[in-house]
Each structure stands twice: as C-alpha cells, then as structure tokens.
Amino acid sequence: MSDTILLRRDGALARITLNRPASLNAVDTEMAARWRDVAAEVASDASVGAVILDAAGRAFCAGGDVVSMSTSGLGGAEVTDTARIINDGIVSLTSSAVPIVAVVQGAVAGGGLGIMLVADYIVAAPTAAFVSKYANIGLTPDLGVSTLLPAAIGQRRALQLLLTDTTIDAETARSWGLVAEVDADPAGRAEAIAQSWLTGATGAFGQAKRLVRGGSDRPFPDSLDDEARTIGGRFDTDEARTRIEAFAAASARRTRPEETA
C-alpha cells in the first residue's frame with residue numbers, strides 16, 4: 001500500500017496526511033490514486049465524525065509534481081487522467097457530510113490550493129504562503145481551483161492570484177477569507193476544532209457542511225427543499241431532541257417570574 005498519503009483513525013476522528021515531504025507534497029500519479037482511495041474510504045464511513053487534513057514536512061502542497069511530469073514522458077492525455085483521479089477524491093470529500101479542518105504550513109501552490117480548499121475550516125501557520133504559479137509554467141487552474149478559490153475569496157482576488165505572480169502571506173490569506181485562522185500551533189488548534197465537532201452536535205455539523213457545499217450547485221428552490229427535509233430529519237434524532245429539551249428548559253428558567261415570599 002502506498003504511503004504517499006497516510007490515513008489514521010482515533011475513534012471518530014480521521015486524519016489524512018499528505019506524505020511526500022521531500023517533494024513538498026507535490027502530487028504524482030501514485031499519490032493521486034492514493035488520494036482518491038483514501039477520500040472515498042473516509043467519505044463512505046459513517047463512523048467518521050470529523051477529519052483533520054494535514055501534511056508532512058515544511059510545505060502543505062506544491063500542487064502537481066511538474067518535475068515528474070516533465071521527465072516521465074507524460075502527455076496531455078495522461079495529465080488529464082491524473083487530474084480526474086484527484087478530482088474524484090475532491091468530490092468525495094467536499095460532498096460528504098463530514099466537516100474537515102486543514103493544518104497548513106509553508107508553501108501552498110497551484111493545485112495545492114484546491115486540495116487545501118477541500119477543507120471546510122483552515123488553520124494556517126504564520127509562515128504559510130499561498131501562490132498560483134500556473135501561468136508561470138504555461139498551465140491553467142486544476143483540482144477545483146477555478147471554482148473553489150473564487151468561492152472562498154471572490155472572483156477579483158482569485159484572478160489576482162491566477163493572472164499575476166502574486167504570493168500572499170498567512171495574515172493576508174486570513175483577511176481575504178482564504179483561511180479561517182492563523183495560529184502559532186496550527187496542529188493543536190485544528191485538533192481542538194475537530195474535537196469540538198466530535199463532542200458537540202456532530203451530525204448537525206456534518207449536515208450543515210453538506211448543505212453549504214451543495215448549495216451553489218443547484219437551483220435555490222432545491223436547496224430550500226433540502227434544508228427543510230434535513231432540519232426535519234435532524235429534529236427527530238436523539239442528538240437534537242436532547243439538546244432541544246435542554247435549551248427549552250434553560251429558556252423557561254430564564255423567563256420564569258421570580259417567586260415572592
């Protein structure tokens with residue numbers, strides 16, 4: 001089994017680790033296949049309540065392994081096939097009802113932006129840096145970057161990154177909305193976030209993620225219908241019933257008139 005991507009479990013927490021540190025976690029054909037398989041496994045496992053996406057080494061992901069592509073004799077058809085394999089994993093994770101938090105350090109470049117944006121919440125190290133680099137080598141966005149990047153930061157800023165050789169630092173990424181937080185201990189912070197999902201209303205977090213991720217891909221009335229069905233379904237779960245009853249009891253105590261002697 002390939003170790004280019006590691007999958008580890010700790011109860012309901014799944015951890016996916018990009019594991020080609022010597023290549024800045026750039027994705028080659030072997031890693032692409034492993035990514036697809038790991039993503040499908042996690043997305044189809046109902047016992048997974050939260051995912052941490054991280055990377056070994058000094059960089060999160062440098063995108064596609066351009067060096068490997070240029071020296072292995074691959075043609076455009078093979079590059080397309082590899083991108084589609086990676087895309088299968090991206091679809092599995094973004095469409096799942098499992099919230100994902102990413103830990104990001106060092107460089108995030110090219111298709112690495114797309115892999116990062118699979119996460120629903122991103123915690124960056126202060127040293128993280130974000131850059132496109134597609135145009136520098138005559139290529140175009142892939143791995144969801146042309147969709148996920150403008151959804152995160154807006155079309156104008158996405159074009160600024162894609163059409164110029166602009167690198168933004170972690171604080172700029174946070175101010176733009178590309179990452180949620182910048183933390184000196186991003187791994188520790190991501191762990192805390194994942195645990196808060198697991199100790200909270202886990203099912204509700206997952207369904208909220210699914211609704212938001214799916215909303216842009218369908219007509220608004222379909223999203224409204226999905227919301228209505230989902231909240232009704234959640235209302236009948238033990239998880240929601242217990243919390244609703246506790247909320248109602250607390251509300252009653254706050255509004256009860258003070259008893260006088």
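I began with a strand pair: strand 7 (residues 129–131) and strand 8 run antiparallel and share three bridges. I looked up one of those partners next. Val131 is bridged to Thr167 in strand 8. I keep in mind that this is a predicted model.

Pockets came next. I find about 690 Å³ of space in the largest pocket. Its lining counts 27 residues, and Thr94, Leu117, Leu148, Ala151 and Arg213 lie nearest the centre. I checked which elements contribute. Helix 3 (76–94), strand 6 (121–124), helix 5 (145–153) and helix 9 (202–215) each give at least two lining residues. Helix 5 has the largest share, five residues. I sorted the lining by class: 14 nonpolar, nine polar and four charged residues.

I turned to the second largest pocket, which holds about 510 Å³ of space. I list 30 lining residues here, with Gly64, Val66, Met69, Leu139 and Asp142 closest to the centre. Helix 2 (66–71) and helix 3 each supply at least two residues of this lining. Helix 3 gives the most, six residues. By class I have 14 nonpolar, eleven polar and five charged residues for the second largest pocket.

Methods:
Residues are numbered from 1 along each chain as its sequence is written. This is a predicted model: local features need pLDDT of at least 70, side-chain atom pairs count only at pLDDT 80 or more; totals for chains, interfaces and linings use all residues. Side-chain values use heavy atoms; hydrogens and water are left out. Two strands pair if DSSP finds at least two bridges between them. Helices (H or I, at least four residues) and strands (E, at least two) are DSSP runs, numbered from the N terminus. On a 1 Å grid over the protein atoms alone, a cavity is a set of points where a 1.4 Å probe fits but cannot get out, and a pocket is an open set with protein on both sides within 12 Å along at least five of seven lines; lining residues have an atom within 4 Å of a point. Grid points are joined across faces, edges and corners, and a volume is the space filled by probe spheres set on the points. Ala, Val, Leu, Ile, Met, Phe, Trp, Tyr, Cys and Pro count as nonpolar, Asp, Glu, Lys and Arg as charged, and the others, Gly among them, as polar.
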